[in-house]
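Subject: Structure handover

Hello,

Here is the structure for you to take over. Please open it alongside this message.

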Amino acid sequence: MSKTNAQIKTAARQNLLGHYKTVIAALIVTELITLILNIPFDRITQQGMAFGVPSRILLGIIGALIVMLLVELLKAGVSYIHLKIARGQDVRFQDMFSVCKNRPDLYLGYGFLTILLALACTVPGYLCLLPVFIGSDTTTAVALTLVGCVLLIIGCIVLIIVLLSWSMTVFILLEHNDIRVTDAIRRSRQMMKGKKRRFFGLCLSFIGWILFSILSFGIGLLWIIPYLSQSQTCFYLGLLPESPEQKTNGDA
C-alpha cells in the first residue's frame, strides 16, 4: 500500500461527492431497522435487570444477538454500496439489499462467527459481574466485580485485535461469493499482516469528528460514518495487488 492514511481519507471524500444522499439514506434505514427490531428485547433486558430476573436478562441478550445477526445483511449491503462508489461504478439505494438475494448465508455465517468471538471474549467477564446485576452486595461479589472488570478489559483488547485481522472479510465476500467464510477470514488475516496498526490508526482518526458530531445531537454522524466507511473501503482497495493496467497507467 503506497497511500498514506491522509491520502486515503482525501480519496474517500472525493469518492463520496455526489453520493452522499445514497449512503446517508442507506445508513438511516439500517439504523432505523436495527432500532425497531431491538425495542422489544431492550425492554425485556431492562425489566430483567430492574427486577433481578436473570432469565429475562438472558432472553433479552439472545434476542439482541439475533438482531445483530440479521442486521449484518444490511451492513454488508452498505459496504457493497461503498465498494461500488470506490470503484467508480454507478450506485443505487436498492444495492444495499442485493446481498439478501446473492448468498446471504455468507454474511449471516460471518456475523455468527463474529458474535461467537465477541461472546468468547466478553462472557467470562460478564459472568463475574452477574452478582452485581442481581443486587448481591457480598464480599465475594466485590471480588468477582474486580475480576470481571479485568477479564472484560483483556477480552475487549483481544476482540479488537482479532476484528482488525478480520476487517476485510466482508469486502472479500462481496467480491468472491463462491468462497467459504473461513477462507475469506483467512485471506483477510493475510492481507492485514503488518497493516492492523495502520488501519486502527485510520479508524481512530475519526474519533474527534465523532465526538464533535455528538454535540450536534448526532446529526453530524450522517456524514462522518459514511466518510469512515468509504475510507475503510479505500484502505481495502489499497491492499489489493495492482492489475497490469493500473501499473501501466501509474508508470505513464
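**Confidence**

This is a predicted model. The average pLDDT is 88, and 92% of the residues score at least 70. Where pLDDT is low, the predicted coordinates should not be read in detail.

**Salt bridges**

Side chains of opposite charge can pair when their charged atoms come close. The count here is five salt bridges. Here are some of them.

Lys84 pairs with Asp95, at 3.3 Å from N to O. Lys84 sits in helix 3 (residues 54-86). Asp95 sits in the loop between helix 3 and helix 4 (104-133), eleven residues away. Are these two partners buried or exposed? Lys84 has a relative accessible area of 13%, so it counts as buried. Asp95 is buried too, with a value of 6%.

Arg87 bridges to Glu175, and their closest N and O atoms are 2.5 Å apart. Glu175 belongs to helix 6 (residues 169-175), while Arg87 is in the loop between helix 3 and helix 4. The pair therefore ties together parts that are 88 residues apart in sequence. Both partners are partly exposed: Glu175 has a relative accessible area of 30%, and Arg87 has 38%.

Arg180 and Asp183 form another salt bridge, with 3.1 Å between the closest N and O atoms. Arg180 is exposed at 56% relative accessible area. Asp183 is partly exposed at 22%. Shared partners join Arg180, Asp183 and Arg186 into one network of salt bridges.

**Helix 5**

Helix 5 covers residues 139-166, which is 28 residues. From first C-alpha to last, helix 5 reaches 40 Å. That is close to the 40 Å expected at 1.5 Å a residue. Which residues of helix 5 are buried? They are Ala141, Gly148, Leu152, Gly155, Leu159, Leu164, Ser165 and Trp166.

**Nonpolar surface patch**

Ile33, Leu37, Leu58, Ile62, Ile66 and Leu70 make up a nonpolar patch on the surface. Together they have about 500 Å² of accessible area. Helix 2 (20-51) and helix 3 each supply at least two of the patch residues. Which helix gives the most to the patch? Helix 3 does, with four residues. Ile62 is in helix 3. Its relative accessibility is 40%, so Ile62 counts as partly exposed.

**Positive phi**

Arg103 has a positive phi of about 50°. Arg103 is in the loop between helix 3 and helix 4. With a relative accessible area of 33%, Arg103 is partly exposed.

Phe217 has a positive phi of about 60°, and it is not a glycine either. Where is Phe217 found? Phe217 is in the loop between helix 9 (207-214) and helix 10 (221-239). Its relative accessibility is 79%, so Phe217 counts as exposed.

**Places to look up in the viewer**

- The Arg180, Asp183 and Arg186 network.
- The nonpolar patch, including Ile62 and Ile66.

Best wishes

Technical notes:
Residues are numbered from 1 along each chain as its sequence is written. This is a predicted model: local features need pLDDT of at least 70, side-chain atom pairs count only at pLDDT 80 or more; totals for chains, interfaces and linings use all residues. Side-chain values use heavy atoms; hydrogens and water are left out. pLDDT is the predictor's confidence in each residue, from 0 to 100. A salt bridge is a side-chain nitrogen of Lys or Arg within 4 Å of a carboxyl oxygen of Asp or Glu. Buried means under 20% relative accessible area, exposed over 50%, partly exposed in between (1.4 Å probe, protein chains only). The expected span of a helix is 1.5 Å times one less than its number of residues. Patches are made of residues with over 30% relative accessible area and no salt bridge: like charges are joined within 9 Å, nonpolar side chains (Val, Leu, Ile, Met, Phe, Trp, Tyr) within 5 Å. Accessible areas come from the Shrake-Rupley method with a 1.4 Å probe; for residues, only the protein chains shown count as cover.
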